[in-house]
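Here is a walk through a structure, one part at a time. Keep the sequence and the 3D view open as you read.

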Amino acid sequence: MSLAKRIIPCLDVTDGRVVKGINFLDLKDAGDPVEVAKKYNEQGADELAFLDITASSDNRGLILHIIESVAKEVFIPLTVGGGVRAPEDVRNLLNAGADKVSINTSAIVNPDIVYQTSSRFGSQCIVVAIDAKLTVEGDKSFWQVFTHGGRNATGLDAIEWAEKMAALGAGELLITSMDRDGTKKGFDLELIKAISDKVDVPIIASGGVGDLQHLVDGVKIGGADAVLAASIFHFGEYTINEAKTFMKSNHIEIRQ
Amino acid sequence: MIAIIDYGMGNLKSVFNAFKHAAPEADIRVTSNPTDIKNARHVVFPGQGAMPDCIRELDQRNLRASVIEAAETKPFLGICIGLQMLFDKSEEGNVEGLGLLNGTVKRFNNQNTKDENGHKLKIPHMGWNEVSQTNHHPLWRNINNHDRFYFVHSYYLESKDENIVSAETLYAQKFCCAIAKDNIFAVQFHPEKSSSAGLQLIKNFVQWSV
């Protein structure tokens, strides 16, 4: 008996609603965030991730209210990301009730923010999110880091970047394959495994889950410590419980 | 009144929320005021981040004496670093703890250890792990033996005194994840983030009298 692998439903939030898109585009409404969070908690989710995908800064405060409401009723770890630019943003999210804050674009603009925030608030609450896409340049191919919700190429190698982020104090890495996100073809297992083998901190696999076997593969082949999915849960294809039962039947430790 | 000691390390909102939910009728205060700690009937000593920082911040706020007095006199719940600080010393920054209990806090070693799928063990130990109760204690009331609780830590307690061990968990090796001595109960995991089992433990603490 040992540590359970985690299942993390991801709630993309904009304008106070949960939404889900394909390859970061074409958004569909998936409900009220507090209600969705409560539902997943009751189904046995191990953790919840909220991604604030609000494009304008006008509605930025909304996510704080949502997290406050969720944190009063749901007692499992809550990770919140999206638009985190400064240590103050981290502090505000933690004060609203987030347990971990996920940093993506701003870590690339200023990698020192990862060091600053993990020193100040503890590594346990700093997750670095990495959006990566397989990129071919001449005869060389690598997973390239993208920012701004997948719009901007950085030229950075995702594996090297992951090692750097862990060294600067990230307590966990959330790895999303942009090639797979929303496609339902499964995680990019090579990407997940390459990073998981290199770094000591836990890895959350994300992007592409279409069925329950994909979750099993993420753990067994990819070496992920947690698996994140959105659409298979949001639109009622599977419950968290079904996912756990399936993982258990594949000899993966889970929390029941 | 239940005092949750705030010495500037980490975020206590989750702890407060969980106590409020588990004991809605109780007066719960997040406080750095020694008078509050003195007057409280129950004291919660949480902790996040690195132990050297926690000890430094505690001393900067002149709270060491209040914490020690509370730990010697009334129901006292340490959480995470709040457990670690009760002991003699920590390998983290090679710092001395409060010395209320005998033991050393050490870093997990993941060299040559693999999980059941052959992947290397990660540090921090993060997620839901089984808590095997090793004695009867009022704080385990209505909690099943081997229920899972949420952990996140890179250092663990190696106790020299087996009599204080109240639960163990397996990660890389078996380690002590809960201690009980007189009016002190302390846990390495986070009851405030451990769903129904965690809320039950908090409820048990609030109802605990020594």
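Within chain B, consider the contacts between residues at least 6 apart in sequence: 70% of them join residues at least 24 apart. Keep in mind that this is a predicted model.

Now for the make-up of chain B. Its secondary structure comes to six helices and 14 strands. Its C-alpha atoms fill a box of roughly 50 × 35 × 30 Å along the principal axes.

Next comes burial. Of the 210 residues in chain B, 61% are buried. The chain still exposes about 8,100 Å². Carbon and sulfur atoms supply 43% of that area. As for charge, chain B carries 22 positive and 23 negative side chains. The centres of these two sets lie 4 Å apart.

One helix of chain B deserves a stop. Helix α6 of chain B covers residues 195–207, which makes 13 residues. From first C-alpha to last it reaches 19 Å. That is close to the 18 Å expected at 1.5 Å a residue. Is α6(B) mostly covered or mostly open? It is mostly covered, with 10 of its 13 residues buried. Among the buried ones are Leu199(B), Leu201(B), Ile202(B), Phe205(B) and Val206(B). Ser195(B), Gln200(B) and Asn204(B) are buried as well.

Asn102(B) lies in strand β7 of chain B, which spans residues 101–107. Its relative accessibility is 46%, so Asn102(B) counts as partly exposed. Which residues does Asn102(B) touch, leaving aside its neighbours within four places in sequence? They are Phe87(B), Asp88(B), Ser159(B), Lys160(B) and Asp161(B). Arg29(B) is elsewhere: its C-alpha lies 30 Å from that of Asn102(B). In sequence, Asn102(B) and Arg29(B) are 73 residues apart.

Turn to chain A. Chain A has 10 helices and 12 strands. Its radius of gyration is 17 Å, close to the 18 Å that the globule rule gives for 256 residues, so chain A is as compact as a globular protein of that length. Along its principal axes, the C-alpha trace of chain A spans about 45 × 40 × 40 Å.

How much of chain A is buried? Buried residues make up 60% of its 256 residues. Take the contacts in chain A between residues at least 6 apart in sequence: 66% of these join residues at least 24 apart. Chain A exposes about 9,900 Å², and carbon and sulfur atoms supply 50% of it. Chain A has 26 positive and 36 negative charges.

Finish with one residue of chain A. Thr14(A) lies in strand β1 of chain A, which runs over residues 6–14. Is Thr14(A) buried or exposed? Its relative accessibility is 15%, so Thr14(A) counts as buried. The cut-off for buried is under 20%. Leaving aside neighbours within four places in sequence, Thr14(A) is in contact with Val19(A), Ile53(A) and Thr54(A).

Conventions:
Residues are numbered from 1 along each chain as its sequence is written. Chains are lettered from A and ligands numbered from 1 in the order in which they are written. This is a predicted model: local features need pLDDT of at least 70, side-chain atom pairs count only at pLDDT 80 or more; totals for chains, interfaces and linings use all residues. Side-chain values use heavy atoms; hydrogens and water are left out. Helices (H or I, at least four residues) and strands (E, at least two) are DSSP runs, numbered from the N terminus. Buried means under 20% relative accessible area, exposed over 50%, partly exposed in between (1.4 Å probe, protein chains only). Contact means heavy atoms within 4.5 Å. Accessible areas come from the Shrake-Rupley method with a 1.4 Å probe; for residues, only the protein chains shown count as cover. Lys and Arg count as positive and Asp and Glu as negative; His and the chain ends are not counted. The place of a charge is taken as NZ of Lys, CZ of Arg, CG of Asp or CD of Glu. The expected span of a helix is 1.5 Å times one less than its number of residues. The radius of gyration is taken over C-alpha atoms; the globule rule is 2.2 Å times the number of residues to the power 0.38.
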